[in-house]
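Colleague: I am new to this structure and would like to know what stands behind the labels. Please take me through some of them.

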Amino acid sequence: MKLPYIQAESQRALIGIETKQGMFDIHSKRADLDIKTTPTKISAPTPMPELNLNQDRMWAAFNGGKPVEFLNRIYSQMPGIALQGIAQIVERGNQMGDLRIKENPIPEFAYEAIADGGIPDIQYLGPATAHNVDIEFKITPPDIKVTPGRVDIQAQPNKPEIDFQRGGVSYSMQRYPSVSFSVAEIDLRV
């Protein structure tokens with residue numbers, strides 16, 4: 001004899017869940033910059049070069065030079081010329097006093113005075129050379145001053161703008177749980 005049995009079938013529930021993520025929308029503006037620049041200043045005043053020409057010795061050789069210098073040059077030779085004249089007078093006096101000389105020396109003295117001109121040799125011009133002009137060239141270096149510049153930067157940050165869109169969760173019951181019972185064949189034979 002077969003025993004009856006009951007067949008039970010269960011079905012699980014099925015829940016559908018659908019999610020939607022939240023979203024952030026972030027916008028940020030650039031920071032505001034205020035930039036001020038002070039340029040570097042450079043000053044370099046340059047004095048003009050100086051050219052000095054001293055032609056005094058050239059003019060002294062050419063025309064005697066300045067009057068004071070000209071007269072000083074002549075007067076500086078006077079003591080020597082006076083000494084030469086005195087020496088010449090002494091020598092001539094000695095020649096006139098020399099009793100061994102039978103001739104009259106005075107005409108010879110007059111001839112010598114005429115022959116050499118009777119003028120003493122006075123140097124009233126300066127020496128003539130190629131180096132009578134003094135040239136001096138003076139270059140003054142530039143006075144360089146540097147004032148350094150600078151850069152001032154002021155930054156003003158802007159706050160970011162944040163927008164949030166909510167997400168969501170939606171769920172649904174896609175299948176309900178169930179239990180079904182069924183009875184198998186019953187053997188009714190005895």
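**Labels and their cut-offs**

Modeller: Tyr-176 is exposed, with a relative accessible area of 60%. This is a predicted model, in which local features need pLDDT of at least 70, side-chain atom pairs count only at pLDDT 80 or more, and totals for chains, interfaces and linings use all residues. Residues are numbered from 1 along each chain as its sequence is written, and side-chain values use heavy atoms, with hydrogens and water left out.

Colleague: Why is Tyr-176 called exposed?

Modeller: Buried means under 20% relative accessible area, exposed over 50%, and partly exposed in between (1.4 Å probe, protein chains only). Tyr-176 has 60%, so Tyr-176 is exposed.

Colleague: Where is Tyr-176 found?

Modeller: Tyr-176 lies in the loop between E11 and strand E12 (178-183). Strands (E, at least two residues) and helices (H or I, at least four) are DSSP runs, numbered from the N terminus.

Colleague: Why is Asn-132 called buried?

Modeller: Its relative accessibility is 6%, and the limit for buried is under 20%, so Asn-132 counts as buried. Asn-132 sits in the loop between helix H3 (105-115) and strand E7 (134-138).

Colleague: What makes the pairing of Asn-132 and Thr-129 a polar contact?

Modeller: A polar contact is a pair of N or O atoms within 3.5 Å; within protein, one must be able to donate a hydrogen and the other to accept it, and residues adjacent in sequence count only if both atoms are side-chain atoms. The side chains of Asn-132 and Thr-129 are joined at 3.0 Å, so the distance is within the limit. The Asn-132 side chain also reaches the backbone oxygen of Pro-127 at 3.0 Å.

Colleague: How do you know that Asp-98 and Arg-100 form a salt bridge?

Modeller: A salt bridge is a side-chain nitrogen of Lys or Arg within 4 Å of a carboxyl oxygen of Asp or Glu. For Asp-98 and Arg-100 the closest N and O atoms are 3.0 Å apart, so the pair qualifies. Asp-98 is partly exposed at 22%, while Arg-100 is exposed at 70%.

Colleague: What makes Lys-66 and Asp-56 a salt bridge?

Modeller: Their N to O distance is 4.0 Å, and the rule says within 4 Å, so the pair counts. Lys-66 is in the loop between helix H1 (56-63) and helix H2 (67-97), and Asp-56 is in helix H1, 10 residues apart.

Colleague: How many salt bridges does this rule give?

Modeller: The count comes to six.
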